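Look at the chains before you start.

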Amino acid sequence: MPNGTAAQEPAMRVSEEVMIEMSAVHKWFGQFHVLKDINLTVRTGERIVICGPSGSGKSTLIRCINRLEEHQRGRIVVDGIELTNDLKHIEQIRREIGMVFQQFNLFPHLTVLENLSLAPIWVRKMPRAAAEELAMQYLERVKIPEQAHKFPGQLSGGQQQRVAIARSLCMNPKVMLFDEPTSALDPEMIKEVLDVMIELARTGMTMLCVTHEMGFARTVANRVIFMDFGEIIEENEPEAFFNNPRSERTKLFLSQILHH
Amino acid sequence: MAEPARRHPPGSHPDLPPPSIVAVGAVGWVRRNLLSSPLNAALTLGSIYLLYVAVPPLLNWALFDANWNAGTSRADCLRDGACWTMVRARFGQFMYGFYPPDQRWRVDLGFLLLFAGAAALLIERVPGKIYAALFLFVLYPVLAYVLFYGGFGLEAVETRLWGGLTLTLVLGAVGIVAALPIGIVLALGRRSKLPAIRLLCTGFIEFVRAVPLITVLFMASVMLPLFLPEGVTFDKLLRAMIGIALFGAAYMAEVVRGGLQAIPRGQMEAAMALGLNYWKMTALIVLPQALRIVIPGIVNTFIGLYKDTTLVLIIGLFELLGVVQAATRDAAWAGLSREGFFFAGLMFFVVCFGMSRYSQYLERRLHTGHER
């Protein structure tokens, strides 16, 4: 296969419509310059994998997109709305962006079903019965409907992360952000989560995924971005990225993560 | 051991029972728990001796040799033990203070409704929690005010006549019900991003915690009227209630803040990422978890607050302990302070121990297995 995107299904085609536009974005943590001149355009239906050494700013980058982190310079426009200090805009954007965290961050005091139906009920003002029906649909999709009435603490890590993905999907988001979704999982549970993510990619969801799962990147990404020291060093289609990395830093990074 | 260690081929090892405990039953329990070493055996024997010295005389005094008969003065107590005759004679006053005897049914009815409402709200099996909460927090305060104080055809009973256990429970209930919500608001305010709110809440909490309750009550009773314009007065009991509630709230705020700080940042981030605003996030995600973590601390504060109500004696309100103390100074019952204080202590114990047990039940019920 000469090109990673060539064999992809029709639903995975990328449209021309711009979903996220980051231009000249800078961010500092105190004196530390974490994001340096980030320029990134994400089109509807694109699946982008972001990788890089720890501390390179990749998590911070995607957390800026839904304002869990505030950028200090530059512009971020999501679905036509610019992120500013305006709380209305922030909440509007957050409703359209789903996020999956490394540590799952399920709500431990609520059952799985309540975790899923909470935001549709309180943010989308959906009637409870409809929200629970929706929740069950998504639990079917991540293949754990039988766990609906358990508490998160009673599930395995892989199951918890699948619940977390379903919870985000219940808000019917336009974009999904994944912040190292498999890094906290035991090895035998990584596949079940990646399977759900691949399934999601097939539906045409716009995805930004911080991960070191290079197999996943090859399968679903249509662009891989390599970050180091707060900069985007290189971006390319997966095959070209893995087979012919242009910069020395990318080569070094790839040799470190692919060697074992 | 009789059984030799048997080998099994890999993959076919059966599940074996755990090694058996050598001694079982009561004898085994005693041996394991009370006599496990020479030191423990000595401590056990010492404890038994202490119990032998202390308990029988106490039981004799309080129960077997006690006077249970009715009477009008100390002379009616003929037996050696406790003179419960005094408590019997003064029982009405201990319970109601100087509340007019023909109106005391109002107090009874008021507390009966309170307990019924609280039971409906606190016991899991009873359905219709929302109605119980509405009754307790909206309808009941109005009802209680009318019943206790008067109005709507009921004769007015001034608060200076209130006393005894009635007053203790009124002060405790008002203090507890007001302290928790005010405390939560203060705790949230102390963690606010807005400097003015943060400063205000922190200042209030630190100031109140730095002065003794007696001072607060004294200020409310003696100093406040000096600052109010002439002719404007408000009820001494009301002032005491406000003082106790705000005092309790400052302590409660710090307990709640401890819970808020224990919630991982990821919980807030997940809630925000779903589009919940600050208030929904706080009400649905943060507080339910934070309050559950600090149930022991909250109940601790409740119990402390309930017992602190005894300090209103300093401003001339006669709650249970005050009434008991007054009774022991009565010439007819001179020298019976032991019985009076024993009775008062018992009344406090029942309420405080009840709160403590309920909090333990609540902790068990709310446990969802996430603390693994």
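A: A contact means heavy atoms within 4.5 Å. This is a predicted model, in which local features need pLDDT of at least 70, side-chain atom pairs count only at pLDDT 80 or more, and totals for chains, interfaces and linings use all residues. Residues are numbered from 1 along each chain as its sequence is written, chains are lettered from A in the order in which they are written, and side-chain values use heavy atoms, with hydrogens and water left out.

Q: What share of the contacts in chain A with a separation of 6 or more is between residues 24 or more positions apart?

A: In chain A, such residues account for 66% of those contacts.

Q: How many helices and strands does chain A have?

A: Helices (H or I, at least four residues) and strands (E, at least two) are DSSP runs, numbered from the N terminus. Chain A has nine helices and ten strands.

Q: What percentage of the residues in chain A is buried?

A: Buried means under 20% relative accessible area, with a 1.4 Å probe and protein chains only. Of the 260 residues in chain A, 56% are buried.

Q: Where is R239(B) found, and which side chain of opposite charge is nearest to R239(B)?

A: A salt bridge is a side-chain nitrogen of Lys or Arg within 4 Å of a carboxyl oxygen of Asp or Glu. R239(B) is in helix α9 (residues 236-262) of chain B. R239(B) is buried yet has no salt bridge, and the nearest side chain of opposite charge, D235(B), is 7.0 Å away.

Q: Which residues does R239(B) touch, not counting those up to four places away in sequence?

A: R239(B) touches A220(B), S221(B), L224(B), P225(B) and F234(B).

Technical notes: Buried means under 20% relative accessible area, exposed over 50%, partly exposed in between (1.4 Å probe, protein chains only). Lys and Arg count as positive and Asp and Glu as negative; His and the chain ends are not counted.
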